[in-house]
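Subject: Structure for your review

Hello,

Please find the structure below, with the sequence. My notes on charged side chains and on one part of the surface follow it.

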Amino acid sequence: MSGEREIEIRRMMQHFEHQIAEMNSKAVSEIAGDIRQSDFLNLAQSISILRAQYLKEVLLIAHADKAVLSHKICDQVKIARMAYEEAIKSFDHLKHALQRGYFNLIED
């Protein structure tokens with residue numbers, strides 16, 4: 001009996017996964033609109049810029065005079081790092097949504 005119950009639950013979960021994928025696809029299309037190949041490249045370019053800005057902030061610490069070393073300069077680095085890391089996560093989530101079929105990628 002437990003084997004039959006496991007099969008029933010597995011089928012139900014597959015059905016849920018299909019419905020959730022459809023919900024995600026509908027929501028992404030309605031809210032985000034068309035997603036183009038250039039959107040991926042533009043996001044990658046933005047990540048490159050954020051990475052460079054973060055590293056610039058890191059180097060400010062490396063080159064800072066003792067008098068200006070404080071939590072404020074480290075806070076600036078932290079903010080730049082968080083922006084960079086968030087952009088990377090965003091790219092990963094966009095890629096995941098594409099791989100899951102939540103949207104069609106439109107050629108430019």
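Glu57 sits in helix H2, which covers residues 37–63. This is a predicted model, and Glu57 is a residue I would like you to look at in it: the side chain is buried yet has no salt bridge. The nearest side chain of opposite charge belongs to Lys56, 6.2 Å away. Leaving out residues up to four places away in sequence, Glu57 touches Gln76, Val77 and Ala80.

Now the pairs that do count. Side chains of opposite charge can pair when their charged atoms come close. With the 4 Å cut-off, the count comes to three salt bridges.

- Arg5 and Glu8: the side chains meet in a salt bridge at 3.3 Å, N to O. Arg5 and Glu8 are three residues apart in helix H1, so about one helical turn separates them. Arg5 is partly exposed, at 46% relative accessibility, and Glu8 is also partly exposed, with a relative accessible area of 47%.

- Lys26 and Glu30: the closest N and O atoms of this salt bridge are 3.9 Å apart. These residues also belong to helix H1; they are four residues apart, which means a separation of about one helical turn. Both Glu30 and Lys26 are exposed.

- Arg81 and Glu85: here the closest N and O atoms of the salt bridge are 3.2 Å apart. Both residues lie in helix H3 (residues 71–99), four residues apart, or about one turn of the helix. Glu85 is partly exposed, with a relative accessible area of 34%, and Arg81 is partly exposed at 27%.

The other item is a nonpolar patch on the surface. Which residues form this patch? They are Ile9, Met12, Met13, Phe16, Ile20 and Met23, and together they have about 530 Å² of accessible area. One of them, Phe16, lies in helix H1, residues 2–32.

Regards

Notes:
Residues are numbered from 1 along each chain as its sequence is written. This is a predicted model: local features need pLDDT of at least 70, side-chain atom pairs count only at pLDDT 80 or more; totals for chains, interfaces and linings use all residues. Side-chain values use heavy atoms; hydrogens and water are left out. Patches are made of residues with over 30% relative accessible area and no salt bridge: like charges are joined within 9 Å, nonpolar side chains (Val, Leu, Ile, Met, Phe, Trp, Tyr) within 5 Å. Accessible areas come from the Shrake-Rupley method with a 1.4 Å probe; for residues, only the protein chains shown count as cover. Helices (H or I, at least four residues) and strands (E, at least two) are DSSP runs, numbered from the N terminus. Buried means under 20% relative accessible area, exposed over 50%, partly exposed in between (1.4 Å probe, protein chains only). Lys and Arg count as positive and Asp and Glu as negative; His and the chain ends are not counted. Contact means heavy atoms within 4.5 Å.
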